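Please look through the sequence and the model shown below before reading on.

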Amino acid sequence: MDVVVVGGGLMGTAATFFLARRGLRVTLIERGRVGAGATVASFGNIRRSGRFLPQMPLAHRAREIWGEAERMLGRDVEFRATGHLRLVFDEDGLTAMRRFIADAHPWGFHPEEIGPNEIHARFPGLGPDAIGASFAREDGCGNPRLIAPAFAAAAQKLGATIVEECEVLDIALTEAGFAVRTARGEHHAERLLNTAGAWGARLAARFDEPVPIEARGPQMGVTEPLPHRIHPVVGMWAAPGRRDGYLRQVERGNIVFGGGAERSFVDLDDGYAKADPARLPHQLRSLLRLCPALADVAVIRTWSGCEGYVADGLPVMGPSATTPGLFHAFGFCGHGFQLGPGVGQVMSDLIATGRTDEPLEPFAIGRFARA
Ligand SMILES: Cc1cc2nc3c(=O)[nH]c(=O)nc-3n(C[C@H](O)[C@H](O)[C@H](O)COP(=O)(O)OP(=O)(O)OC[C@H]3O[C@@H](n4cnc5c(N)ncnc54)[C@H](O)[C@@H]3O)c2cc1C
């Protein structure tokens, strides 16, 4: 085997697909079912507004792949370029938005700024108290339930092996690379990709690569279905430290929402991220600011998911600093759904050729050892 990939979320399945497309022999090993970790819990936002700017080349690459996903994977993963409307409610938010729009320009990202009259004319019923907004017309959303299984199935068609319900228990170095011991036998490979999500730091620690990471659960909710009225994904520019909020209306009519509350603590031993009913009223207050017409709507479900938040808010991506043949892509800090397809492609470039055009220095795992 050329490559073993540990962890079958969006990062692992996308990397497996792109590695197989390059003709490498690859096995993906997932403890549960592919895509059933943080990926399935995602809100599904495919946004570039507000991103750490050095991540923009990767985000552009990811956005391009999202646009091709249906053709490339042979099934509709419900990517829709609905546009991303991000409302502003106070002067601090306005400053943050304007600074981002100006700074993002040289990185090739150009959301438009719109004023209150235009918000009301173009997006009636959204943010009646907003004093401004940004609108990124090419961003949008995708279906978090569909994308990882679609990558895994397409990878399988290209010859990759997908092993589900199989935990990786131990990894040893061998002369030829890695021996990966699982609950159901051993796999050998020259190279190993760690896409174990919130558990990625545990795997990295086996190779003397410390990463300060905390597992947290952002909370999501969904309303009963309503007539379809809201086209874009809607968010909020909040000053740092203030609570934000976001929503989108799925094609069936339900409003999916998130933000507006602290993320809950998650114990990595069981990885169970529980939605907390006490946080819901805070979320609903944010939701009503975005769309007051939702005041009498029933919330039918809440959920959360276990995601790894690295201390500096950036993911870990790139080759290991201690072990040749080992690569990492984990700790996406709540922003990974948009990036996932790009991460998969970049990691496959790196593993197959030893190089990539994307600037990965800010995400190098060695930054923590240096610190
Ligand atoms: C509630 C929520 C909402 C979000 N909303 C958005 C959003 O709107 N937009 C956005 O861009 N991002 C969002 N994110 C972030 C995004 O979903 C994640 O960054 C992304 O899905 C991470 O993918 P992953 O493959 O790294 O992790 P995961 O999907 O968690 O996959 C990692 C996998 O590794 C497996 N694994 C771990 N250890 C082992 C082992 N020892 N053996 C075998 N398998 C193992 C796990 O079972 C898991 O399936 C959200 C996250 C959450 C939790």
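Glu78 is found in the loop that runs between helix 3 (56-73) and strand 4 (84-88). The model is a predicted one, and in it Glu78 shows a positive phi of about 60° although this residue is not a glycine. With a relative accessible area of 33%, Glu78 is partly exposed.

A second residue of this kind is Glu165, whose phi is near 55°, a positive value in a residue other than glycine. Glu165 sits in the loop between strand 8 (161-163) and strand 9 (168-174), and at a relative accessibility of 48% Glu165 counts as partly exposed. The table sets out these two residues.

| Residue | Phi | Relative accessible area |
|---|---|---|
| Glu78 | about 60° | 33% |
| Glu165 | near 55° | 48% |

Helix 6 itself spans residues 147-157, and its buried residues are Ile147, Ala148, Ala150, Phe151, Ala152, Ala154 and Ala155. In general, an α-helix has 3.6 residues a turn, so residues three or four places apart point the same way. What do the buried residues of helix 6 pack against? Their partners are helix 1 (10-21), helix 2 (38-41), helix 3, strand 8 and helix 9 (336-353).

On the scale of the whole chain, the division is into domain 1, made up of 3-48 + 145-212 + 311-370, and domain 2, made up of 84-137 + 219-304. The C-alpha centres of domain 1 and domain 2 are 30 Å apart, and where the two domains meet, 9 residues of domain 1 are in contact with 15 residues of domain 2.

The size of an interface is often given as the accessible area lost when the parts come together. Between domain 1 and domain 2 the buried area is about 1100 Å², and carbon and sulfur atoms give 63% of that area.

How many salt bridges are found across the interface of domain 1 and domain 2? The rule finds 1 salt bridge there. A salt bridge joins the side chains of Asp269 and Arg202, with a distance of 3.0 Å from N to O. On the side of domain 1 that touches domain 2, the residues divide into 4 nonpolar, 2 polar and 3 charged.

Technical notes
Residues are numbered from 1 along each chain as its sequence is written. This is a predicted model: local features need pLDDT of at least 70, side-chain atom pairs count only at pLDDT 80 or more; totals for chains, interfaces and linings use all residues. Side-chain values use heavy atoms; hydrogens and water are left out. Domain bounds come from an automatic or database domain assignment. Contact means heavy atoms within 4.5 Å. Buried area is the accessible area (1.4 Å probe) that two parts lose on being put together, summed over both. A salt bridge is a side-chain nitrogen of Lys or Arg within 4 Å of a carboxyl oxygen of Asp or Glu. Ala, Val, Leu, Ile, Met, Phe, Trp, Tyr, Cys and Pro count as nonpolar, Asp, Glu, Lys and Arg as charged, and the others, Gly among them, as polar. Helices (H or I, at least four residues) and strands (E, at least two) are DSSP runs, numbered from the N terminus. Buried means under 20% relative accessible area, exposed over 50%, partly exposed in between (1.4 Å probe, protein chains only).
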